[in-house]
Structures are given as structure tokens and as C-alpha cells.
Amino acid sequence: MWKIIRLSLLLLCFLILFVLSAFANAYGKVVFLEWDNNGCQIATMNPDGTDVRILTERVGNYEHPRWSPDGKKIAYNELDVENEAYNLWIINSDGYSPELISNSAYWGASWSPDGKKIAFMSIIERAIMIMDLQTRETSQLVEGGVPVWSPDGKNIAYRPFKLPDDILYFINPVTGEKKNIDLTKKGIQILHKSYSPIAWSPDGKKIAFFGEENVRNLSGIYIMDSDGTSVISKYIGNSNVWIAKYPTWSPDGKQIMFDTPKGIEKMDIDGEVSTLVYDNGSYPDWQNSPNAPVTPQEKASTTWGHVKYDSLKK
């Protein structure tokens, strides 16, 4: 009798662990910059701020971490202080095999939906470049910066340097066709800049962005339809004080996460109240691949209250 009870309890525990694991996978992981008194590192966590895992081996001048579409890799920039240039790196999502993609003063990284290409800005040419990750061939797309690929691959949002910077511009990476969204007549500036790129919802129907209202002297996170209609403010405040930036969407499109002076916060797109997720974090990017692999527990060891990878990383 006791054997049957023990077996039943064991099966129940496995079932609970399976459900919790499925829930975590469905909502994806978040990659972000984790800060301490010495600087920052690339890290991942659950959407509720638990299971923080440091991926990089040392503190550095990291920026702009971005998940690959399949959730297996992360692209990010690191400032090379000695050469005064940004390097582009790609690392596995488990923290292994960091690879230097380019040390040619490239900034930013936006994956194509199929994960075969990356768009970024060349600081020297002041232009958006596209790299084929298999051949490593690079071609120039258009003058400008801050590229963000749409989920369907048909548009790349960018910031031209010689045009007004309060309007959102797009270019088709295949045809070169250009268009824009101008909300200035509604009194809203779309500030698509390096410190806060726009973010498409997973289905491509909406765009979250850092914006500013001149009349009411307000700034923060706004959400609009992808054609520029139905603009709503989500997390705004006095423009003289930094309120929120760097939005990113949950895989189901029902929540957004963003960077605030308090840390990383999130809220329902239909809600009004935000929740603090992680106080020592910034630059979040929510993984949009529910089937991405989970970091193996046996490769991690606890250090300084976080989960930090061992010295086997290469």
C-alpha cells in the first residue's frame, strides 16, 4: 500500500514539474543586461524575474542583446574600449561558444525571421548592413541606423540620419520600397533611436515604441497598430524625467516588458498597472520561441546568488 502511495506521489511531482516547465517554455525566456557595481553582463531569466542566469564570463560594456528567432542564440554588442568600436557577438542561449561576428564598428542586431541574416548599423558608413550568417557576406541596404526586422520579413524599421527623427521609417529589404508613419499631426513623436528601438508584436499587427507628446509634455511607452492608427499610451510621465524605454513583447502578444528607472517592468497591454520584474536589469528582449531549448541544469553552478556557468565555456 505504501509503495503505491509513494509511486503516486512521485508521479504527481513529475506531473507538476512538467506543467511548470511547459508554462515557462510557452512564455519564453528574457535576455537582458544584469548590472552590479562593476558593470553589466548578458543574462537570461524567466518572465517573472526568477532563474537568473549569467551567460558572459566577465563584466563588460555590453549592449542590445537579441534572441534569434528559434531561441537558440543571442546576438549582442560589446564596446571595445581600446579601439573605440563596437564588436558584434553571437552566443548560444546556454552561455557556451561565444563567437565574434564582426569587429568592424557595427552596432545593433536584428535577426531576419528565418534566422539566416542579421541587420545592423555600420558606424563608419552610417548605413544599415545585412550579413548572411552562413557566407558572412555583407551588403549595404540604406543610409541610416537602428534596424528592426518585421516578423513577416517584409519591412525593416530604421532611422535615417538626414530626415526628421520623430517619424518612423521602413524599407523593404528585397525591393527597397520605402514608407513611413508620421504621428506628429497627432502631437506624438516616434523616437526610434538606439537607446529605445521600436518593437513589433509577434503577429506584426502592432508596434510598441518610445514616444513623446509635446503638448502634454509626456513621454514613455505607446502602442499603435502597425499602420499608425489607434495609438494608445501605456506607461508615460513627465518628459523631463526618463520614464520608460526599450519595449519588448511576450510571445502571446498579451504583455509588454520595458526598461524603467526602477529596473525591468512588465504590464498587460489591456492593463494600467505595471509589475517590477527585476530591479538590476535593463535592455530586455522577450524570447518569441516557445519551443526553444531550456538551459540544462547540469551545466550551471550557483555563484553570488545567481546561476553562473562553469569554466567549461569556450
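Okay, so Tyr235 and Phe258 are both buried, and buried here means under 20% relative accessible area with a 1.4 Å probe, protein chains only. Before I go on: this is a predicted model, where local features need pLDDT of at least 70, side-chain atom pairs count only at pLDDT 80 or more, and totals for chains, interfaces and linings use all residues. Residues are numbered from 1 along each chain as its sequence is written, and side-chain values use heavy atoms, with hydrogens and water left out.

Back to those two. The ring centres of Tyr235 and Phe258 sit 4.8 Å apart with the planes at 50°, so this pair is tilted. For the cut-offs, rings of Phe, Tyr and Trp (its six-membered ring) pair if their centres lie within 6.5 Å; planes under 30 degrees apart are stacked, over 60 edge-to-face, and the rest tilted. Tyr235 is in strand β20 and Phe258 in strand β22, 23 residues apart; strands are DSSP runs of E, at least two residues, numbered from the N terminus.

How many aromatic pairs does the structure hold? Eight. One of them is Phe209 with Tyr222, which is stacked: 5.5 Å centre to centre, 15° between the planes. Phe209 lies in β18 and Tyr222 in β19, so the pair ties together parts 13 residues apart in sequence. Phe209 is buried at 0% relative accessibility, and Tyr222 is buried at 1%.

Charges over rings, next: NZ of Lys or CZ of Arg within 6 Å of the ring centre and within 35 degrees of the ring normal. Arg126 lies over the face of Phe161 at 4.1 Å from the ring centre, and Lys179 over Phe170 at 5.9 Å.

How values were computed. Helices (H or I, at least four residues) and strands (E, at least two) are DSSP runs, numbered from the N terminus. Buried means under 20% relative accessible area, exposed over 50%, partly exposed in between (1.4 Å probe, protein chains only).
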